[in-house]
Amino acid sequence: MSRIVVIGGGQAAAALVAKLVAGGVTDGITLICAEPHAPYQRPPLSKAYLLGKMDRERLFFKPEAWYADHGIDLRLNCRAVGVDAAARQVKLSDDSVLGYDDLVLTTGAWPRTLPAAIGGTLGNVFAVRDLADADAMAPAFAEGARCLIVGGGYIGLEAAAVAASRGLHVTLVEASERILQRVAAPETSAYFRDLHRSHGVDIREGTGLVRLTGDDTVTGAVLSDGTTLDIDFAIVGVGIAPDTALADGAGLTLGNGIACDAHGRTSDPHIWAAGDCASTPWRGARVRIESVGNAIDQAEIVAQNLLGHDVTYTPTPWFWSDQYDCKLQIAGLNTGYTAVYVKTGEGLAQSHWYYRDDTLIAIDAMSDVRNYMVGKRLIEAGQSPAPAIVTDPATDMKALLRA
């Protein structure tokens, strides 16, 4: 029986081992999890779990007993600290060594943090990555508390939505000229700016953080516009970086994460990667897609190849974000767009259609599930209806799929 070692405890790891089990593997799988928990969902940590709308047990993909029942050696509170690719061995934090025939890195990504010199290590300064982070910050979400969110990306906006919904006083600062500047068009930024301000969030764009203040625990913040804030806690959402330390130490090729081929194989034929840590070829470029859908699809492709199939991965990017009563759904990648067309609906419903010249490449749909599904299918099929047709209220959108 081939020895397969999987490192990681998130979506990609869970999808990979489940696919291997479904494919008939009943022995020889070892799953290394640095946390004291079996693999669990991470997106709800900054949404439903922090709001108290999802119980802890619902976070887990499988009960812990499932792994033993299916022949998986689940090692919790165990960290891989090095990989000897030549010897095909993984060194663990307890100084033991584990041999493998195939190794899969599903190490995810780490949140970027603030330097200690500007108060990043003060108490009550939080990041959002794992269950421990969410549990640590939960007591701070008391009604009337003063919260500073640093960063206007999706993580920061989701945290702001939870805090505002819980009755906190929320200030969000974004150093760029607008929120979501790295990932979305100005039209989408404007939509979410208005949404958050309607819930009382003080959004300050083009305003950076100079430093957090306090002795042992944060009590204030100095901003780049010269203002100071009194705060009770801060949440830092300034992006993530792929966790490539093990890959780098093993001498693997890196490129926007761990560079993989279309099969999910790294530069070492016995080492594979999937999820937020891994990049893959797509349309002549190399992309690393930070999403649940990508983690599942990429991991299942790797599992199929470990099972002896010769399958390749073609990304179909999709994402989502929940903020207040608005569900944002995104399909495609908007890189290189030349125009955005807005389709409005009732209430919060709105969709933004990204075109590169005459080609539809992405859609942002806010509380607009039907148009999202149409847009997603059009993009995946390579169909590009004229923008005037898409935005016309009289258009039968489903009919576009039959064109």
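This report describes selected helices, aromatic pairs and individual residues of the structure above. The model is predicted.

**Helix α1 and its surroundings**

Helix α1 covers residues 11-22. Its 12 residues should span 16 Å at 1.5 Å a residue, and the separation of its end C-alpha atoms, 16 Å, agrees with that value. The helix is mostly covered, with nine of its 12 residues buried. These buried positions are Gln 11, Ala 12, Ala 13, Ala 14, Ala 15, Leu 16, Val 17, Leu 20 and Val 21. The elements that cover them include the strands β1 (4-7), β2 (29-32), β3 (72-75) and β7 (102-105), together with the helices α3 (64-69) and α8. After α1 comes Gly 24, which has a positive phi near 105°.

In the loop between β1 and α1 lies Gly 8. Gly 8 counts as buried because its relative accessibility is 11%, and the cut-off for burial is under 20%. Neighbours within four places in sequence aside, Gly 8 is in contact with Ala 13, Leu 31, Ile 32, Cys 33 and Thr 106. A separation of 32 Å lies between the C-alpha atoms of Gly 8 and Val 218, which are 210 residues apart along the chain.

**The packing of α1 against α8**

Helix α8 comprises residues 292-306, and its axis comes within 8 Å of that of α1, with a crossing angle of roughly 35°. The crossing is right-handed. On the α1 side, the contact is made by Gln 11, Ala 12, Ala 15, Leu 16, Lys 19 and Leu 20; on the α8 side, by Val 292, Ala 295, Ile 296, Ala 299, Glu 300, Val 302, Ala 303, Gln 304 and Leu 306. By class, the residues of this contact are 11 nonpolar, two polar and two charged. An α-helix has 3.6 residues a turn, so residues three or four places apart point the same way.

**Helix α9**

Buried in α9 are Asn 371, Tyr 372, Val 374, Gly 375, Lys 376, Leu 378 and Ile 379. Strands are among the elements that cover these residues, including β22 (318-323), β23 (326-332), β24 (339-344), β25 (350-356) and β26 (359-366). Gly 382 follows α9 and has a positive phi, near 75°.

**Aromatic pairs**

Eight aromatic pairs are present in the structure. One of them joins Trp 318 and Trp 320, whose rings are stacked at 6.1 Å centre to centre, with 20° between the planes. Elsewhere, ring pairs link Phe 126, Phe 141 and Phe 233 into a cluster.

**Accessibility of selected residues**

| Residue | Relative accessible area | State |
|---|---|---|
| Trp 318 | 26% | partly exposed |
| Trp 320 | 30% | partly exposed |
| Thr 188 | 0% | buried |

Thr 188 belongs to helix α6, residues 186-198. Apart from neighbours within four places in sequence, Thr 188 is in contact with Leu 180, His 352, Tyr 354 and Asp 364.

Key: Residues numbered from 1 in each chain as written. Predicted model: local features only at pLDDT ≥ 70, side-chain atom pairs only at ≥ 80, totals over all residues. Heavy atoms only, no water. Buried < 20%, exposed > 50% of the residue type's maximum accessible area, 1.4 Å probe, protein only. Helix = DSSP H or I, 4+ residues; strand = E, 2+ residues; numbered from the N terminus. Contact = heavy atoms within 4.5 Å. Axes fitted to C-alpha atoms, helices over the stretch in contact; angles between N-to-C directions. Left-handed = near helix turned anticlockwise from the far one by under 90°. Nonpolar A, V, L, I, M, F, W, Y, C, P; charged D, E, K, R; others polar. Phe/Tyr/Trp six-rings, centres within 6.5 Å; stacked < 30°, edge-to-face > 60°. Expected span 1.5 Å × (residues − 1).
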